[in-house]
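Open the model in your viewer and switch to a cartoon view. We will go from stop to stop, selecting as we go.

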Amino acid sequence: MKMRQLRGLCAFALLTLAALATARPKAGPEQKCKSGPVDLVFLIDSSRSVRPHEFETMRKFMIDILDTLDIGLNATRVGVVQYSSQVRTEFSLRAHAKLDSMVKGINEIIPLAQGTMTGLAIKYVMNEAFTAEAGDRPKVPNVVVIVTDGRPQDRVTEVAAEAREKGIEIYAVGVARADMTSLRAMASPPFEDHVFLVESFDLIHQFGLQFQDKLCGMDLCLESDHGCEHICESSPGSYHCLCLPGYTLNDDGKTCAAINLCTEGKHDCEQICVSSPGSFTCDCNKGYKLNDDKKTCSMIDYCSFGNHSCNHECVSVLNGYHCTCNEGYRLLDDGKTCHAIDLCAEGKHDCEQICVSAPGVFTCDCNKGFTLNEDKKTCAPIDLCVEGKHDCEQICISGPGVFTCDCNKGFKLNKDKKTCTNMDLCNTVEHGCEHQCVSTPGSYYCICPEGQLLQEDGKSCGTCKSANIDLVLLIDGSKSVRPQNFELVKKFVNQVVDSLDVSAHGTRVGLVQYSSRVRTEFSLNMYHTADEIKAAVMKVDYMEKGTMTGLALKHMVENSFSEAEGARPASRNIPRIGLVFTDGRSQDDITEYAKKAKEAGITMYAVGVGKAVEDELREIASEPLEKHFYYTTDFTAISTIAENLKLNVCPAAEESQGEIEVKDPCACESLVEFQQATMSSLEQLTQKLSGMTARLEQLENQLLSRK
């Protein structure tokens, strides 16, 4: 409350002292009103609607107010921010410690002369002007005086509310065309103390006159007939009455009435409340005495006299006492002696199996192998399997308090009698084998049809030994290609894709189009099937413009074959192949990056059509050129190149077409394969027999336990 009063005093000082500067002589240093330290920011509207002479009036208005304040880093700090369509700090709270330099800073202000973004300005002051870096001090009131002549061009209600919630007190001074609704939306309550509207800048000084007495006026408690019954407390330009402790101020705001806490129920006496002004004391009814807490009452304790002979407990009552027994005991006929109650011995229980006695109570228990039910009376056989109190991997067979383990079909119980080994993983897991899965005890492996090879992932099959490659195609999208021919280029790319075994672990394909610039259509790790790649190729848009083949080669070397774009690490020795397709002379130098591509271990293919320059294609292609360089005069013939290119990418596939490898049955490797296959079959048969034997033993044990 005191902090708010202090902030109010400081703000009123600003509003009042403008009038003092014009209507009264300049105050000397000894006349300055000292209301305590305050951090004050003037937020002045310098929009284009404020004419030059009006801005000078506003400048004088600020200087006149400053002249009445106790300026200093430990007293009043002042900052100035002007705004229009933008916001600018003219000087911060920490910038000036003396009035002279502050006045000089105000005189040097140049108006912005744009729009009226008042909401933006309030947010700026809240986030920038009142910060420790700008000179704002902790626990010192923050006051903003906004001077504006027009309607805001942005929203002020929400940001002003946020500023007030942060403890900033806002005074809104409107001149001429200012909107009263906007002023009230900005200002702190009460509005009669924080909102001012004058007709012109020439009259701006008038709004401070009404606060003159509130800032430096007389003490009304001393110099007027205040009429307070007890205490008068002064405030700037006013006073209010207070009452002595134990009294409350009546509705007339002057007289006081004694507070009766007993009548108001504001006491904690157990029996009787005795009132005095603003206080109370407690008392007790007849037969009771007040306890040490002075609030509660206790009956007179006859047991405490020590002349009783109760075996367990003595209970005082009015005018006497009687004996009681602890729980589980019974009072005998003499009214003093207690005897333990044995409910089990008396048959007063409903336990199904075992009754455990304690004085006056009992609990039930069960025989070994049984557990007590929720009713705490009956017993049920302990099913360790159902309760999960076993370590069987697959099947648990329960007996009262015990269990044995078994396995699902296709599994064998291990020697630990708990875990199981899968004898047929191919039929029980997602093995992922493309052609055929072969089970082994606890594992499996994949095989491929004759004429195909198992790929690096151990699951897929391929006809091409070199199918496991990273391939990036650079296609010319320059203006000379023409749209209809670009469609043939895309079909050419898809012919190449059809010749490859595309998968995440096999061949990966990326596509880059270039003209005057370079664009990655899709990277090596974007698609993992041939169908996905071919669909993406057909959606590629024709770029047109120039032919920057050198720039495309640079992009391929530095980006396309990076691990970030899906190229596999060089340590894995996956072949990296680049294929450049172009129809004309490059408009930039290709020599540097054609060389760097080969030095980076990339096998380069060059395919030229029409006006493509043979020397450039040969410089791009890897050795031997007859396998890596292709040319045709017509786009319609590029499908033939795609077929020939297939022979070079997968030479092993072509060489093996139509041939069936005949193995010598007496060759060493053939004998080893036969031996391994025979041993695998015998081992599987042995495991199946072992599983059947274990199952028979288990069934036999179950039959014996039931007998």
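How many bridges join strand S19 (residues 354-358) to strand S20 (residues 361-365), and do the two run parallel or antiparallel? Select both: five bridges join S19 to S20, and the strands are antiparallel. This is a predicted model. Show Cys355 next; its bridge partner in S20 is Cys364. Now go to the turn. S19 and S20 make a hairpin with two residues between them. Gly360 lies in that turn and has a positive phi of about 80°.

**An open sheet, S1 to S6**

Select strands S1 to S6. These six strands form an open sheet, ordered S3-S2-S1-S4-S5-S6, with mixed pairing. Look at the edges: strand S3 (87-91) and strand S6 (195-198) each have a single partner strand, so one side of each has no neighbour in the sheet. From one strand to the next, the twist averages 20°.

Zoom in on strand S1 (residues 38-45) and strand S2 (residues 76-83). They run parallel, joined by eight bridges.

H4 lies across S1, S2, S3, strand S4 (142-148) and strand S5 (168-175). Against S1, H4 runs at about 155°.

Ile231 belongs to strand S7 (residues 231-235). Is Ile231 buried or partly exposed? It is partly exposed, because its relative accessible area is 33%, and the range for that class lies between 20% and 50%.

**An open sheet, S31 to S36**

Move on to strands S31 to S36. They build an open sheet of six strands in the order S33-S32-S31-S34-S35-S36, and the pairing is mixed. Strand S33 (518-522) and strand S36 (629-632) are the edge strands, each pairing on one side only. The twist here averages 20° from one strand to the next.

Which way do strand S34 (residues 576-582) and strand S35 (residues 602-609) run? They are parallel, with seven bridges joining them.

H12 lies across strand S31 (470-476), strand S32 (508-514), S33, S34 and S35. Its direction is at about 160° to S31.

Technical notes:
Residues numbered from 1 in each chain as written. Predicted model: local features only at pLDDT ≥ 70, side-chain atom pairs only at ≥ 80, totals over all residues. Heavy atoms only, no water. Helix = DSSP H or I, 4+ residues; strand = E, 2+ residues; numbered from the N terminus. Buried < 20%, exposed > 50% of the residue type's maximum accessible area, 1.4 Å probe, protein only. Pairing = 2+ DSSP bridges. Axes fitted to C-alpha atoms, helices over the stretch in contact; angles between N-to-C directions. Contact = heavy atoms within 4.5 Å.
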